[in-house]
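This briefing is meant to be read beside the sequence and the coordinates.

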Amino acid sequence: MSVDKQFIVDFEKDIVKIYERGDIRGAIHLRDGNEDILVNIFKGINTSFDYVYSTWANHVHALLKGIPPDKVKQRILDGNSMAMNFPEYRFYTSAIVGGICPIAVGTAYSIQRSSGSNRVYCFLGDMAFRTGIAHESIMYSLSHDLPITFVIEDNGKSVGTPTQDTWGTIP
């Protein structure tokens, strides 16, 4: 199954309808943007071999990783959209801001130590990127040449709060 921008948009529209009926009890972070960029990024990810770590709007990453849409949707309906872990697909999430970073780094470190050829992709929002744990994880990964790529998704918001209002202007 090929997941493209329109599939993602339609999937989220369906989730919005279900949420507005009150049938989803847990938090859900919908994307509403960046779909084309993500589709292109995932073209470079070996979806059956590489690891993907995600935070907000992880359902889009899960779909692009090749996890069946019915499984992703069921997790959302069960109120577990922020804990959408699928080890069998090498896909992990965390709702803790920046908390996924050291876990992803640990996996990359393990791959390196075992001389593996897998790669780790860690997706972060722009607010999580500004945390200390993200900085430390990125610096450690660079310093040790770990097989990890950090992808920062900047939508200018932390859920509904404008990033600039929270952090101020970054020179």
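The points below are grouped by topic and concern a predicted model.

In outline, the largest nonpolar core has 25 residues, and a second, separate core has 17 residues. A search of the whole structure finds three aromatic pairs, two of which are described below together with their places in the chain.

**Nonpolar cores**

- Within the largest nonpolar core, which has 25 residues, those with the most contacts inside it are Val52, Leu64, Val72, Ile76 and Phe123.
- Two or more residues of this core come from each of helix H1 (5–20), helix H2 (35–43), helix H3 (58–65), helix H4 (69–77) and strand S3 (120–125).
- As a general background to both sets, nonpolar side chains in soluble globular proteins tend to be buried together.
- Once residues up to four places away in sequence are set aside, Leu64 touches Val3, Ile8, Leu38, Val39, Phe42 and Thr47.

**Helix H7**

- Helix H7 (residues 132–143) has 12 residues and reaches 16 Å from its first C-alpha to its last, which is close to the 16 Å expected at 1.5 Å a residue.
- The buried residues of H7 are Ala134, Ser137, Ile138 and Ser141, and, seen down the axis of H7, they fall within an arc of 95 degrees, so they line one face of the helix.
- These buried residues of H7 pack against helix H5 (100–113), S3, helix H6 (126–129) and strand S4 (148–153), whereas the face of H7 turned away from its buried side carries the exposed residues Glu136 and Ser143.
- Just after H7, Asp145 takes a positive phi of about 50 degrees.

**Aromatic pairs and a charge over a ring**

- Among the three aromatic pairs found in the whole structure, the rings of Phe42 and Phe123 have their centres 5.4 Å apart and their planes at 10 degrees, so this pair is stacked.
- The pair links distant parts of the chain, with Phe42 in helix H2 and Phe123 in strand S3, 81 residues apart, and both Phe42 and Phe123 are buried.
- Tyr53 and Tyr92 form an aromatic pair that is also stacked, at 5.3 Å centre to centre and with 20 degrees between the planes.
- This tyrosine pair likewise links distant parts of the chain, with Tyr53 in strand S1 (residues 51–54) and Tyr92 in strand S2 (residues 91–93), 39 residues apart.
- Tyr53 counts as buried at 3% relative accessibility, while Tyr92, with a relative accessible area of 23%, is partly exposed.
- Arg75 lies over the face of Phe86, at 4.0 Å from the ring centre.

- Asn58 lies in helix H3 and is buried, with a relative accessible area of 1%.
- Apart from its neighbours within four places in sequence, Asn58 is in contact with Ser81, Met82, Met84, Phe91 and Thr93.
- Ile67 is found in the loop between H3 and H4, and at 1% relative accessibility Ile67 counts as buried.
- Apart from its neighbours within four places in sequence, Ile67 is in contact with Ala62, Val72, Phe86, Tyr89 and Phe91.
- Ile67 and Ser48, which are 19 residues apart in sequence, are 9.9 Å apart in space, C-alpha to C-alpha.

Methods
Residues numbered from 1 in each chain as written. Predicted model: local features only at pLDDT ≥ 70, side-chain atom pairs only at ≥ 80, totals over all residues. Heavy atoms only, no water. Core = buried A, V, L, I, M, F, W, Y, C linked by side-chain atoms within 4.5 Å. Buried < 20%, exposed > 50% of the residue type's maximum accessible area, 1.4 Å probe, protein only. Helix = DSSP H or I, 4+ residues; strand = E, 2+ residues; numbered from the N terminus. Contact = heavy atoms within 4.5 Å. Expected span 1.5 Å × (residues − 1). Arc of directions from axis to C-beta. Phe/Tyr/Trp six-rings, centres within 6.5 Å; stacked < 30°, edge-to-face > 60°. Lys NZ or Arg CZ within 6 Å of the ring centre and 35° of its normal.
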